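I opened the notebook to look up a few local features. The entries follow the order in which I checked them.

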Amino acid sequence: MFSVKKGVFRNHTTGAEFPTSSVKMSTAAMLEALAETVEEDFYFMCPDDDRDFRLQAYNATFPQGLLSSSRLGWSVRQIHQPVPTYEGRLANGVDKYFRRMQPGDFVARLNWSIQSDGDNLFCPVSGNTLMTKETEESAVQRSEINFYETYLRCEHHTLTCLPKTKAIMFCVRSYLYPMMDIKKEGNGPALADACDSMPEKFGVYKRRTLWGEQLCTWLREDHSINDKSKKD
(Lines give C-alpha, C1' and ligand atoms only; values in the text may rest on other atoms or scores of the structure.)
Protein backbone atom coordinates (compact mmCIF):
# COMPACT_ATOMS: atom_id res chain seq x y z
CA MET A 1 0.00 0.00 0.00
CA PHE A 2 2.85 2.38 0.87
CA SER A 3 6.49 2.68 -0.13
CA VAL A 4 9.39 5.06 0.48
CA LYS A 5 12.05 5.65 -2.15
CA LYS A 6 14.61 8.43 -2.51
CA GLY A 7 12.94 10.70 -0.01
CA VAL A 8 9.45 10.26 -1.45
CA PHE A 9 6.53 8.58 0.31
CA ARG A 10 4.05 7.03 -2.12
CA ASN A 11 0.50 5.90 -1.45
CA HIS A 12 -0.09 3.13 -4.00
CA THR A 13 -3.85 3.14 -3.39
CA THR A 14 -4.42 6.79 -4.26
CA GLY A 15 -1.25 7.52 -6.20
CA ALA A 16 -0.44 10.48 -3.93
CA GLU A 17 3.22 11.28 -3.26
CA PHE A 18 4.75 13.36 -0.47
CA PRO A 19 8.32 14.15 0.63
CA THR A 20 9.51 12.24 3.70
CA SER A 21 10.91 15.47 5.13
CA SER A 22 8.54 18.25 6.18
CA VAL A 23 11.27 20.93 6.16
CA LYS A 24 10.08 22.56 2.94
CA MET A 25 6.38 21.75 3.35
CA SER A 26 3.77 24.33 4.29
CA THR A 27 1.30 23.68 7.08
CA ALA A 28 -1.45 23.17 4.51
CA ALA A 29 0.67 20.64 2.59
CA MET A 30 1.39 18.66 5.76
CA LEU A 31 -2.30 18.56 6.65
CA GLU A 32 -3.10 17.44 3.12
CA ALA A 33 -0.57 14.61 3.43
CA LEU A 34 -2.23 13.44 6.63
CA ALA A 35 -5.70 13.63 5.06
CA GLU A 36 -4.69 11.52 2.05
CA THR A 37 -2.77 8.90 4.04
CA VAL A 38 -4.70 7.96 7.20
CA GLU A 39 -8.38 7.84 8.18
CA GLU A 40 -8.09 9.81 11.42
CA ASP A 41 -8.97 13.48 11.71
CA PHE A 42 -6.29 15.64 13.34
CA TYR A 43 -6.69 18.71 15.56
CA PHE A 44 -3.67 20.62 16.85
CA MET A 45 -4.13 22.48 20.12
CA CYS A 46 -1.20 24.85 20.71
CA PRO A 47 -0.35 26.51 24.04
CA ASP A 48 -0.51 30.32 24.19
CA ASP A 49 1.37 32.63 26.57
CA ASP A 50 -1.16 31.89 29.32
CA ARG A 51 -0.79 28.13 28.76
CA ASP A 52 -4.30 27.85 27.38
CA PHE A 53 -4.48 25.38 24.49
CA ARG A 54 -6.01 26.80 21.33
CA LEU A 55 -7.00 25.23 18.03
CA GLN A 56 -4.42 26.42 15.48
CA ALA A 57 -4.70 23.82 12.71
CA TYR A 58 -6.83 20.83 11.82
CA ASN A 59 -7.77 18.34 9.16
CA ALA A 60 -11.38 17.23 9.50
CA THR A 61 -12.45 14.73 6.87
CA PHE A 62 -15.21 13.30 9.07
CA PRO A 63 -16.32 16.15 11.39
CA GLN A 64 -19.42 15.92 13.57
CA GLY A 65 -20.45 19.53 14.00
CA LEU A 66 -18.38 20.62 17.00
CA LEU A 67 -15.56 22.22 15.02
CA SER A 68 -15.33 24.52 12.01
CA SER A 69 -12.95 27.07 10.55
CA SER A 70 -14.70 29.79 12.56
CA ARG A 71 -13.35 28.15 15.73
CA LEU A 72 -9.69 28.49 14.81
CA GLY A 73 -7.95 30.19 17.70
CA TRP A 74 -10.55 29.06 20.21
CA SER A 75 -9.48 27.52 23.51
CA VAL A 76 -10.53 24.06 24.65
CA ARG A 77 -13.12 25.67 26.94
CA GLN A 78 -14.58 27.78 24.15
CA ILE A 79 -14.89 24.81 21.81
CA HIS A 80 -16.73 22.78 24.45
CA GLN A 81 -19.11 25.56 25.54
CA PRO A 82 -22.17 23.73 24.13
CA VAL A 83 -21.39 20.57 26.13
CA PRO A 84 -23.54 20.40 29.31
CA THR A 85 -21.63 20.22 32.61
CA TYR A 86 -18.27 20.79 30.86
CA GLU A 87 -17.62 24.23 32.34
CA GLY A 88 -16.33 24.11 35.90
CA ARG A 89 -14.71 21.09 37.47
CA LEU A 90 -14.40 19.10 34.24
CA ALA A 91 -12.98 22.05 32.29
CA ASN A 92 -10.43 22.74 35.02
CA GLY A 93 -9.37 19.11 35.03
CA VAL A 94 -8.91 19.02 31.25
CA ASP A 95 -6.85 22.24 31.33
CA LYS A 96 -4.59 20.86 34.05
CA TYR A 97 -4.18 17.54 32.26
CA PHE A 98 -3.17 19.23 29.01
CA ARG A 99 -0.58 21.32 30.83
CA ARG A 100 0.90 18.25 32.51
CA MET A 101 1.21 16.17 29.33
CA GLN A 102 4.76 15.43 28.21
CA PRO A 103 6.09 14.15 24.87
CA GLY A 104 5.48 10.41 24.72
CA ASP A 105 2.28 10.58 26.79
CA PHE A 106 -0.80 9.08 25.18
CA VAL A 107 -4.40 9.03 26.36
CA ALA A 108 -7.43 7.51 24.65
CA ARG A 109 -11.18 7.83 25.15
CA LEU A 110 -14.40 6.92 23.36
CA ASN A 111 -17.41 9.01 22.42
CA TRP A 112 -20.72 7.89 20.93
CA SER A 113 -23.94 9.32 19.54
CA ILE A 114 -26.97 8.26 17.52
CA GLN A 115 -27.02 9.23 13.83
CA SER A 116 -30.54 8.96 12.45
CA ASP A 117 -30.10 10.48 8.99
CA GLY A 118 -27.95 8.03 7.05
CA ASP A 119 -24.38 6.80 6.88
CA ASN A 120 -22.57 10.01 5.96
CA LEU A 121 -19.53 10.45 8.21
CA PHE A 122 -19.18 14.06 7.02
CA CYS A 123 -21.51 16.11 9.28
CA PRO A 124 -19.87 19.55 9.51
CA VAL A 125 -22.84 21.72 10.42
CA SER A 126 -24.76 20.23 13.34
CA GLY A 127 -23.74 16.60 13.46
CA ASN A 128 -25.61 14.50 16.03
CA THR A 129 -25.30 17.03 18.84
CA LEU A 130 -25.82 20.75 19.46
CA MET A 131 -29.60 20.52 19.69
CA THR A 132 -31.20 23.98 19.70
CA LYS A 133 -34.47 24.99 21.30
CA GLU A 134 -36.01 25.34 17.84
CA THR A 135 -35.07 21.81 16.75
CA GLU A 136 -36.23 20.44 20.11
CA GLU A 137 -39.66 22.09 19.74
CA SER A 138 -40.02 20.86 16.16
CA ALA A 139 -39.06 17.28 17.04
CA VAL A 140 -42.67 16.30 17.71
CA GLN A 141 -43.51 17.28 14.13
CA ARG A 142 -40.92 14.98 12.58
CA SER A 143 -41.98 11.78 10.83
CA GLU A 144 -40.90 8.38 12.12
CA ILE A 145 -37.20 7.67 11.82
CA ASN A 146 -35.96 5.02 9.42
CA PHE A 147 -34.16 2.38 11.47
CA TYR A 148 -32.37 1.16 8.34
CA GLU A 149 -30.82 4.64 8.08
CA THR A 150 -29.96 4.92 11.78
CA TYR A 151 -26.48 4.23 13.15
CA LEU A 152 -24.49 4.16 16.34
CA ARG A 153 -21.63 6.57 15.67
CA CYS A 154 -18.50 5.92 17.74
CA GLU A 155 -15.35 8.02 17.88
CA HIS A 156 -12.00 6.84 19.20
CA HIS A 157 -10.08 9.84 20.50
CA THR A 158 -6.30 9.76 21.02
CA LEU A 159 -4.25 12.62 22.47
CA THR A 160 -0.49 12.99 22.51
CA CYS A 161 1.99 15.80 23.19
CA LEU A 162 4.35 16.86 20.40
CA PRO A 163 8.04 17.12 21.40
CA LYS A 164 9.06 20.53 20.03
CA THR A 165 6.00 22.74 20.34
CA LYS A 166 4.33 20.90 23.27
CA ALA A 167 1.13 21.15 21.26
CA ILE A 168 -1.53 18.53 21.86
CA MET A 169 -2.30 16.46 18.78
CA PHE A 170 -5.89 15.26 19.02
CA CYS A 171 -6.75 12.35 16.68
CA VAL A 172 -10.29 11.16 15.98
CA ARG A 173 -11.26 7.98 14.15
CA SER A 174 -14.96 7.55 13.43
CA TYR A 175 -17.02 4.38 13.01
CA LEU A 176 -20.65 3.75 12.08
CA TYR A 177 -22.52 0.64 13.28
CA PRO A 178 -25.90 -0.07 11.63
CA MET A 179 -28.73 -0.10 14.14
CA MET A 180 -30.18 -3.18 12.44
CA ASP A 181 -26.97 -5.12 13.20
CA ILE A 182 -26.94 -3.99 16.83
CA LYS A 183 -30.48 -5.28 17.29
CA LYS A 184 -29.79 -8.58 15.47
CA GLU A 185 -26.78 -9.18 17.73
CA GLY A 186 -29.01 -8.85 20.80
CA ASN A 187 -27.52 -5.58 22.04
CA GLY A 188 -30.66 -3.49 21.51
CA PRO A 189 -31.83 -3.33 25.14
CA ALA A 190 -28.35 -2.41 26.40
CA LEU A 191 -28.11 0.48 23.94
CA ALA A 192 -31.63 1.61 24.81
CA ASP A 193 -30.71 1.62 28.51
CA ALA A 194 -27.60 3.69 27.74
CA CYS A 195 -29.69 6.19 25.80
CA ASP A 196 -32.26 6.45 28.57
CA SER A 197 -29.56 6.88 31.23
CA MET A 198 -28.31 10.18 29.78
CA PRO A 199 -28.98 13.12 32.12
CA GLU A 200 -31.74 15.35 30.77
CA LYS A 201 -29.52 18.22 29.57
CA PHE A 202 -27.06 15.82 27.99
CA GLY A 203 -29.92 14.00 26.28
CA VAL A 204 -31.05 17.28 24.72
CA TYR A 205 -27.47 17.98 23.63
CA LYS A 206 -27.31 14.54 22.00
CA ARG A 207 -30.62 15.21 20.20
CA ARG A 208 -32.41 12.41 22.04
CA THR A 209 -35.68 14.32 21.62
CA LEU A 210 -35.55 13.56 17.90
CA TRP A 211 -35.06 9.79 18.12
CA GLY A 212 -35.17 8.64 21.75
CA GLU A 213 -38.71 7.33 22.24
CA GLN A 214 -39.01 5.67 18.84
CA LEU A 215 -35.55 4.13 18.84
CA CYS A 216 -35.52 2.84 22.41
CA THR A 217 -38.97 1.27 22.05
CA TRP A 218 -37.90 -0.46 18.84
CA LEU A 219 -34.61 -1.68 20.31
CA ARG A 220 -36.48 -3.40 23.16
CA GLU A 221 -39.42 -4.80 21.19
CA ASP A 222 -38.35 -8.35 20.32
CA HIS A 223 -36.64 -8.87 23.66
CA SER A 224 -39.73 -7.90 25.63
CA ILE A 225 -41.77 -10.43 23.62
CA ASN A 226 -39.17 -13.18 24.18
CA ASP A 227 -38.94 -12.43 27.90
CA LYS A 228 -42.73 -12.68 28.22
CA SER A 229 -42.87 -16.03 26.38
CA LYS A 230 -40.18 -17.46 28.66
CA LYS A 231 -42.18 -16.48 31.74
CA ASP A 232 -45.35 -18.02 30.29
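Where is the place of Phe 98? I found Phe 98 in helix H3. I am working from a predicted model.

I looked up the accessibility of Phe 98. Its relative accessible area is 10%, so Phe 98 is buried, as the cut-off is under 20%. I then checked a contact across the chain. Phe 98 and Thr 160 are 62 residues apart along the chain, and their C-alpha atoms are separated by 9.4 Å.

Next I took the helix as a whole. H3 has 12 residues. From first C-alpha to last, H3 reaches 17 Å, close to the 16 Å expected at 1.5 Å a residue.

Which residues of H3 are buried? I noted Ala 91, Asp 95 and Phe 98. They cover an arc of only 65 degrees around the axis, so they sit on the same side of H3. I found Arg 89, Lys 96 and Arg 100 exposed on the other side of H3.

**Entry: aromatic pairs**

How many aromatic pairs does the structure hold? I read eight. I wrote down two of them in detail.

Tyr 43 and Tyr 58 are stacked, at 5.8 Å centre to centre with 20 degrees between the planes. Tyr 43 belongs to strand E4 and Tyr 58 to strand E5 (residues 53-59), so this pair ties together parts that are 15 residues apart in sequence. Tyr 43 is buried, at 6% relative accessible area. Tyr 58 counts as partly exposed, at 21% relative accessibility.

The second pair is Phe 53 with Phe 98. Their ring centres are 5.5 Å apart and their planes stand at 90 degrees, so the pair is edge-to-face. Phe 53 lies in strand E5 and Phe 98 in helix H3 (residues 89-100), so the pair ties together parts that are 45 residues apart in sequence. I noted that Phe 53 and Phe 98 are both buried.

I also looked for a cluster. Ring pairs link Tyr 43, Tyr 58 and Phe 170 into one.

**Entry: the second largest pocket**

I looked up the volume of the second largest pocket, which is about 630 Å³. Its lining counts 23 residues, and the closest to its centre are Ser 22, Met 30, Leu 31, Leu 34 and Phe 44.

Which elements each supply at least two residues of this lining? I listed strand E3 (17-19), helix H1 (27-35) and strand E4 (41-47). H1 gives the most, with five residues. I then sorted the lining by class. The lining has 16 nonpolar, six polar and one charged residues.

Most residues other than glycine have a negative phi.

Lys 6 is found in the loop between strand E1 (2-5) and strand E2 (8-11). With a relative accessible area of 78%, Lys 6 is exposed.

I placed Lys 166 in the loop between strand E7 (151-161) and strand E8 (168-178). Is Lys 166 exposed or partly exposed? Lys 166 is partly exposed, with a relative accessible area of 36%.

Technical notes. Residues are numbered from 1 along each chain as its sequence is written. This is a predicted model: local features need pLDDT of at least 70, side-chain atom pairs count only at pLDDT 80 or more; totals for chains, interfaces and linings use all residues. Side-chain values use heavy atoms; hydrogens and water are left out. On a 1 Å grid over the protein atoms alone, a cavity is a set of points where a 1.4 Å probe fits but cannot get out, and a pocket is an open set with protein on both sides within 12 Å along at least five of seven lines; lining residues have an atom within 4 Å of a point. Grid points are joined across faces, edges and corners, and a volume is the space filled by probe spheres set on the points. Helices (H or I, at least four residues) and strands (E, at least two) are DSSP runs, numbered from the N terminus. Ala, Val, Leu, Ile, Met, Phe, Trp, Tyr, Cys and Pro count as nonpolar, Asp, Glu, Lys and Arg as charged, and the others, Gly among them, as polar. Rings of Phe, Tyr and Trp (its six-membered ring) pair if their centres lie within 6.5 Å; planes under 30 degrees apart count as stacked, over 60 as edge-to-face and the rest as tilted. Buried means under 20% relative accessible area, exposed over 50%, partly exposed in between (1.4 Å probe, protein chains only). The expected span of a helix is 1.5 Å times one less than its number of residues. The arc is that of the directions from the helix axis to the C-beta atoms.
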